[in-house]
Amino acid sequence: MKLVIHGKNIEITEAIRDYVHQKIEKAVSHFQNITNEVDVHLSVARNPRINPKQAAEVTIFANGSVIRAEESSENLYASIDLVADKIARQLRKYKERRQDKKTHAQSTTEVVVPEPVVPDLIGDRTPELPSEVVRTKYFSMPPMTLEEALEQLQLVGHDFYMFRNSETGEINVIYERNHGGYGVIQPRNNNGHTNGKNGNGKAVHNNIIMQEKSHSVK
């Protein structure tokens with residue numbers, strides 16, 4: 001199992017490195033057969049108004065799935081303890097779901113139905129983008145169904161998840177709705193087609209139709 005430790009606004013000392021290895025390896029010890037890589041990100045907020053200040057984030061790559069947990073407190077070692085416990089629970093849930101799928105291969109699964117797209121998404125508000133990109137992440141995007149994407153959304157702990165739809169080959173986003181349930185963001189072309197070409201075979205530009213949440217995406 002590969003374990004990688006990153007730090008932001010903090011020096012990763014040998015003491016910290018040893019503590020991370022001890023806690024995280026213990027947390028995943030019963031799941032090493034499904035764990036390919038563990039990425040640990042430790043950070044300390046420099047802004048004194050931010051409380052708690054010290055965070056530990058763990059991302060596990062397990063057989064094509066991504067499992068994530070994050071905790072923060074005023075003490076880095078306490079944050080590592082908390083995130084180790086949380087990621088162990090996430091791994092246990094993931095393993096139980098895999099076993100349930102094998103045992104109940106014909107069982108009914110929850111179906112996510114995309115809602116109709118509203119024509120006016122932002123009204124008279126002006127879209128705003130961050131002044132700079134502060135972090136970039138790269139990850140594989142194997143094709144999956146909406147049901148599989150929903151399961152991934154629940155595993156990573158975010159309120160949205162981007163994936164490649166196995167039925168269309170397009171990039172979609174599934175997200176939690178403020179009033180319950182889930183929504184799906186799908187691309188749509190100017191001519192209504194989804195294959196990126198018009199009737200003459202010429203490429204056309206895509207409009208990404210987004211169902212907006214009331215709070216910003218992380």
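Which residues does V40 touch, not counting residues up to four places away in sequence? With contact taken as heavy atoms within 4.5 Å, V40 touches L3, V4, I5, H6, V20, I24, E57 and V58. This is a predicted model, in which local features need pLDDT of at least 70 and side-chain atom pairs count only at pLDDT 80 or more, whereas totals for chains, interfaces and linings use all residues. Residues are numbered from 1 along each chain as its sequence is written, and side-chain values use heavy atoms, with hydrogens and water left out.

V40 also belongs to the largest nonpolar core, which has 29 residues and in which V20, I24, V40, L42, V58, I60 and I67 have the most contacts. A nonpolar core is here a set of buried Ala, Val, Leu, Ile, Met, Phe, Trp, Tyr and Cys residues joined through side-chain atoms within 4.5 Å, where buried means under 20% relative accessible area, exposed over 50% and partly exposed in between, for a 1.4 Å probe and protein chains only. Two or more residues of this core come from each of β1 (2–8), α1 (14–27), β2 (37–44), β3 (54–62), β4 (65–73) and α2 (76–103), these elements being DSSP runs numbered from the N terminus, with helices (H or I) of at least four residues and strands (E) of at least two. The largest share, eight residues, is supplied by α2. Apart from this core lies another, of eleven residues, among them A149, L153, F163 and V184.

Among the strands, β3 and β4 pair in the antiparallel sense over nine bridges, pairing requiring that DSSP find at least two bridges between two strands. T59 stands opposite R68 in β4, and the two residues between β3 and β4 complete a hairpin, with N63 in the turn having a positive phi of about 50 degrees.

Rings of Phe, Tyr and Trp (its six-membered ring) pair if their centres lie within 6.5 Å, with planes under 30 degrees apart counted as stacked, over 60 as edge-to-face and the rest as tilted. Because the planes of Y19 and Y77 stand at 80 degrees, with ring centres 4.9 Å apart, the pair is edge-to-face. Y19 is buried, with a relative accessible area of 18%, while Y77 is partly exposed at 31%.

Helix α3 (residues 146–156) is largely enclosed by the rest of the structure, because eight of its eleven residues are buried; these include A149 and L153. α3 is followed by G157, whose phi is positive, near 80 degrees.
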